[in-house]
Amino acid sequence: MTKRLYYDSSEAHEFDSVVEDVTSLSPEQSRPAVILRETAFYPTSGGQVHDTGWLTVNGGDGGGERLRVTEVADMEDGRIVHYLETPAKLPLAGAAVHGSIDGERRRDHMQQHSGQHVLSAAFIELYRMPTVSFHMGEDYCSIDLTAPTVSSEQIAGAERRANEIVFENRPVTVRYVSRAEAEKLGLRKLPPTERDELRLIEIADFDLTACGGTHVGASGEIGSILLRKNEKVRQGTRIEFVCGGRAVRMARRDYGALSEAAALFSAKLWDVPEQIRKSLDDSKLLRKQKDDALDELAELMAAAALRSIPENNGRKIVVKVFSDRDAGFAKLFAQKVTRAGAPAIALVASTVDPPGMVFAQTPGGAADMGMLLKQALSSVGGRGGGSRDFAQGGVPAGSNVEQLLRQAADTIGADPGVAAV
């Protein structure tokens with residue numbers, strides 16, 4: 001098993017080791033990798049993502065090749081594999097190497113993981129809501145609570161309590177105990193695996209739990225804990241949060257977005273939600289006014305079209321192309337024509353992108369609009385369909401829509417003239 005130096009010191013960013021095994025590129029292995037005798041690189045596990053950094057061959061004097069470590073993972077046998085960017089030359093087993101961890105990334109992970117411990121303990125202390133899982137992403141972290149719902153007041157309360165612990169700068173310590181001892185200590189959560197020895201992370205007089213991750217030395221190093229979105233998930237409620245540097249960056253980003261929105265509304269920051277609500281109400285009103293106007297326009301145009309067309313075998317057939325109205329208006333127009341009272345057929349199209357056609361008749365008419373539309377579209381590779389009384393479909397770009405309508409009108413014995421609007 002690889003000796004894990006981060007177990008005893010999360011602050012260890014530099015170390016010396018020896019290459020025990022090398023995995024070169026192969027059909028089964030798409031990335032070169034090395035396994036070391038000991039390492040301070042943290043592998044992805046327990047919800048925490050891996051470290052990145054460098055390995056310098058032949059010690060840290062700068063004389064050897066520098067290898068970029070892009071991912072670190074646990075193997076089933078307890079060894080840790082370090083995946084590398086494809087180097088010019090892989091080190092040999094037995095080579096001495098010097099490891100350098102990306103300190104900023106490690107610090108971020110320590111803040112997030114330690115903040116999760118504080119936050120999970122706060123939810124237990126205040127509301128008896130256990131954490132069942134933890135996830136650390138590139139931008140945010142999350143915990144899943146067993147609670148079916150979490151109120152905004154509870155979120156604010158947990159956030160406030162968690163930051164109290166941060167500001168008190170309580171010591172965060174590591175110790176090792178047997179599983180039998182751990183079962184007597186009242187841990188917040190015992191791991192399911194049967195290990196002889198457990199690594200415990202303790203936040204003084206507040207939280208004690210088994211964990212293999214990297215953590216800060218005192219709660220004040222977390223910086224701050226900011227709770228963000230919460231949502232219902234299968235096993236309870238998911239709470240998104242950020243800590244430390246991430247919290248500062250997120251707060252700055254949120255403030256920038258809110259300031260830009262406030263400037264657009266010529267309002268103060270805290271008035272933006274009300275301005276948005278007002279804009280949405282205005283938008284709904286305008287949309288309704290627009291819909292009402294279009295409905296009235298379609299009705300007037302349908303009435304005018306019906307007045308100008310003579311009957312044909314006891315029905316009126318309206319054939320029309322709209323070049324400045326979309327397919328939605330073409331459908332509305334067709335419905336107005338066929339619901340005006342007298343038997344009618346509407347063969348209507350719109351050339352506005354995306355172009356489309358609507359065929360409709362007064363319910364109970366003798367023609368079959370679905371079949372008629374399929375016949376019209378089949379010649380150009382269009383798709384569509386419907387019932388005997390109503391059908392619609394899309395027309396491929398570049399098709400001669402007027403010609404398609406003329407052919408359809410001719411099929412049902414109408415005047416093939418097409419009126420363009």
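Trainee: What makes Phe 123 count as buried in this predicted model?

Mentor: The relative accessibility of Phe 123 is 0%, and buried means under 20% relative accessible area, so Phe 123 counts as buried.

Trainee: Why is Tyr 127 called partly exposed?

Mentor: Tyr 127 has a relative accessible area of 23%, and since buried means under 20% and exposed over 50%, a value in between is called partly exposed.

Trainee: Why is the pair of Phe 15 and Phe 41 called edge-to-face?

Mentor: With 5.9 Å centre to centre and 80° between the planes, the pair meets the limit of 6.5 Å and the angle is over 60, so it is edge-to-face. Phe 15 lies in strand β2 and Phe 41 in the loop between β4 and β5, 26 residues apart; Phe 15 is buried at 6%, and Phe 41 is buried at 0%.

Trainee: How do you know that the charged end of Arg 325 sits over the ring of Phe 329?

Mentor: The distance from the ring centre is 5.1 Å, and the criterion asks for CZ of Arg within 6 Å of the centre and within 35 degrees of the ring normal.

Conventions. Residues numbered from 1 in each chain as written. Predicted model: local features only at pLDDT ≥ 70, side-chain atom pairs only at ≥ 80, totals over all residues. Heavy atoms only, no water. Phe/Tyr/Trp six-rings, centres within 6.5 Å; stacked < 30°, edge-to-face > 60°. Helix = DSSP H or I, 4+ residues; strand = E, 2+ residues; numbered from the N terminus. Buried < 20%, exposed > 50% of the residue type's maximum accessible area, 1.4 Å probe, protein only.
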